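Please examine the sequence and the structure shown below.

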Protein chains: 2
Amino acid sequence: MPQQKSEHIPRATIQRLAVYVQVLENLQREGTEVISSEPLAKACNVNASQIRKDLAYFGEFGVRGVGYYVKNLIASITSALGVDREWRTVLVGVGNLGKALLNHKEFRLRGFNIVGAFDCDPFKIGEEVSGLEVVCTKRLREMIGDNGAEIGIITTPPERAQRAANHLVEAGINGILNFAPSRITVPDHVNVEYVDFFHHLYALSFNITHPNTK
Amino acid sequence: MPQQKSEHIPRATIQRLAVYVQVLENLQREGTEVISSEPLAKACNVNASQIRKDLAYFGEFGVRGVGYYVKNLIASITSALGVDREWRTVLVGVGNLGKALLNHKEFRLRGFNIVGAFDCDPFKIGEEVSGLEVVCTKRLREMIGDNGAEIGIITTPPERAQRAANHLVEAGINGILNFAPSRITVPDHVNVEYVDFFHHLYALSFNITHPNTK
DNA sequence: CCAAATTTGTGAAATAATTCTCATAAGTTA
DNA sequence: TAACTTATGAGAATTATTTCACAAATTTGG
Ligand SMILES: NC(=O)c1ccc[n+]([C@@H]2O[C@H](COP(=O)([O-])OP(=O)(O)OC[C@H]3O[C@@H](n4cnc5c(N)ncnc54)[C@H](O)[C@@H]3O)[C@@H](O)[C@H]2O)c1
Ligand SMILES: NC(=O)c1ccc[n+]([C@@H]2O[C@H](COP(=O)([O-])OP(=O)(O)OC[C@H]3O[C@@H](n4cnc5c(N)ncnc54)[C@H](O)[C@@H]3O)[C@@H](O)[C@H]2O)c1
């Protein structure tokens, strides 16, 4: 089990570790058992020493003269990221996107188990989606007390995201994945990640418009 | 119209510009007409001089002693990003996610107009989704020649993403938004952005697991 | 069992990004 | 119109991240 060696780990490193896992899993699916940092770097579009430095924050996972055992490295990185366990999550806002996510099997497969679905619309409360009964947002606190969820997913309209966040924070959640296109304010101990694919489209737009500045 | 002043613009700056637009649009919706870098920074969770530096890459948009006119600043940033126009896009892989995206109105509203839907499954070809007829991927090149799309969206399974990318590149696209959880290889002139919300969940998982290292 | 070939892990060097500081410009008030 | 207030824009200082370069470790082949 990898132990963290250093104090501060750059956010960029965490993002890259997620990419390494993705690429390593695809390599594993294709039958690769061992890989060295050079070809892995090429597949991930980064520098080889970048990979070695990123891994060095957590321990020594390679074999000199050989490389990395794909299976072991996946296990080491997922353990370092803390994704080698079940994370219980709840979802707030059972609209189009919320329903699509509730039906998406991959969440459970990857250990992110959605165990509660909440909405404030009286017409939606009581409805069943993907085996879960939609519950009134007001009951978030009591329900999370029961099921011990730690991560909240927000899929409400943007102007409701802050309210949903407040409910989640009050209920004791300490991580939020926000799909609504608005920033939310939470206490320091609560982590927030934003998913907004327009941000990516904007980046594409910029890079296509200014090909020289890349 | 803002003119780019400097050579290289950090990727992080582009990402933040997208956040600024998002926050400014929400401020505008709430009736704010002028804002200075300090409160805007607070709302975006960044440093105020960071905002001023980011904007300085593109020109001078503020008024000393006053701040920024929200409406003007939105216009300036969107123009800098190149999103003050229509971008014609095509989508490859009309499955669950692909259909959800085709039905999502926001794309057109934001100027990213999906003008073609492609799939390789003979049962899907000919089907109509959100006013578009699903066409065989093989016909990508001829169709793009007709409709002049510049951006491709990939929503195929991960092991098919590279093939889809190859088709798109051959058809002359120069930007790809890849929702499949696999990295793709493309020529230098083609820009790729990846959307993977497991990466964000992994980041949450890490930050919750190691609260001290933040 | 030793030598050659690899490839890791890491401190040092080079780059890059962020934050600080303050002169300068614009607006406001009397 | 002059004094005062405010907040930008830009260079300097600081801090962070990435890349380089090489010693150390391991395997493999003779
Ligand atoms: N639909 C998509 O493909 C898509 C893609 C990207 C982002 N988004 C974003 O995701 C969010 C949801 O999109 P959607 O298309 O599902 O919208 P939607 O209107 O279908 O769903 C929103 C749901 O949130 C519920 N809600 C509103 N306020 C609430 C509150 N305070 N507490 C709990 N529930 C509340 C509503 O009752 C509704 O069921 C939006 O912010 C949208 O911008 C959607
Ligand atoms: N469904 C979700 O909520 C979701 C969320 C995040 C990411 N994703 C990812 O998005 C991708 C699609 O997911 P999905 O649930 O829509 O899967 P899906 O199986 O429903 O759809 C995939 C579609 O791609 C088509 N396809 C396969 N190979 C193709 C090719 N070479 N050219 C053109 N079309 C091709 C298939 O015929 C099918 O229609 C997957 O990679 C998945 O991991 C899905």
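Leu91(A) has Ala117(A) as its bridge partner in strand 4 of chain A. This pairing belongs to a set of six bridges that join strand 3 (residues 87-92) of chain A to strand 4 of chain A, and the two strands run parallel. Helices (H or I, at least four residues) and strands (E, at least two) are DSSP runs, numbered from the N terminus; two strands pair if DSSP finds at least two bridges between them.

The model is predicted: local features need pLDDT of at least 70, side-chain atom pairs count only at pLDDT 80 or more, and totals for chains, interfaces and linings use all residues. Residues are numbered from 1 along each chain as its sequence is written, chains are lettered from A and ligands numbered from 1 in the order in which they are written, and side-chain values use heavy atoms, with hydrogens and water left out.

**The sheet of chain A**

Strand 4 (residues 112-119) of chain A also pairs in the parallel sense with strand 6 (residues 132-136) of chain A, over three bridges. There, Asp119(A) stands opposite Cys136(A). Seven of the eight residues of strand 4 of chain A are buried, so this strand is largely enclosed by the rest of the structure. Buried means under 20% relative accessible area, exposed over 50%, and partly exposed in between (1.4 Å probe, protein chains only).

These strands belong to an open sheet of seven strands with the order 5-6-4-3-7-8-9 (chain A) and mixed pairing. Its edge strands, strand 5 (128-129) and strand 9 (191-194) of chain A, each pair on one side only.

| Span | Distance between end C-alpha atoms | Helix | Strand |
|---|---|---|---|
| Residues 19-58 of chain A | 16 Å | 70% helix | 5% strand |
| Residues 82-183 of chain A | 26 Å | 29% helix | 28% strand |

Strand 7 of chain B is joined to strand 3 (residues 87-92) of chain B by four bridges, and the two run parallel. Val90(B) has Gly152(B) as its bridge partner. Four bridges also pair strand 7 of chain B with strand 8 (residues 175-178) of chain B in the parallel sense, where Ile154(B) is partnered by Asn178(B).

Together with helix 8 (residues 161-170) of chain B, strands 7 and 8 of chain B make a right-handed β-α-β unit. A crossover is right-handed if, with the strands pointing away from the viewer, the path from the first strand over the helix to the second runs clockwise. Helix 8 of chain B lies across strand 3, strand 7 and strand 8 of chain B, at about 165 degrees to strand 7 of chain B. Axes are lines fitted to C-alpha atoms, for helices over the stretch in contact (heavy atoms within 4.5 Å), and angles run from 0 to 180 degrees between N-to-C directions.

**The relation of the two chains**

A rotation of 180 degrees with 0.0 Å of shift along its axis superposes chain A on chain B (RMSD 0.0 Å). That is the relation of a two-fold axis. Copies are superposed by least squares on the C-alpha atoms of residues with pLDDT of at least 70 in both.
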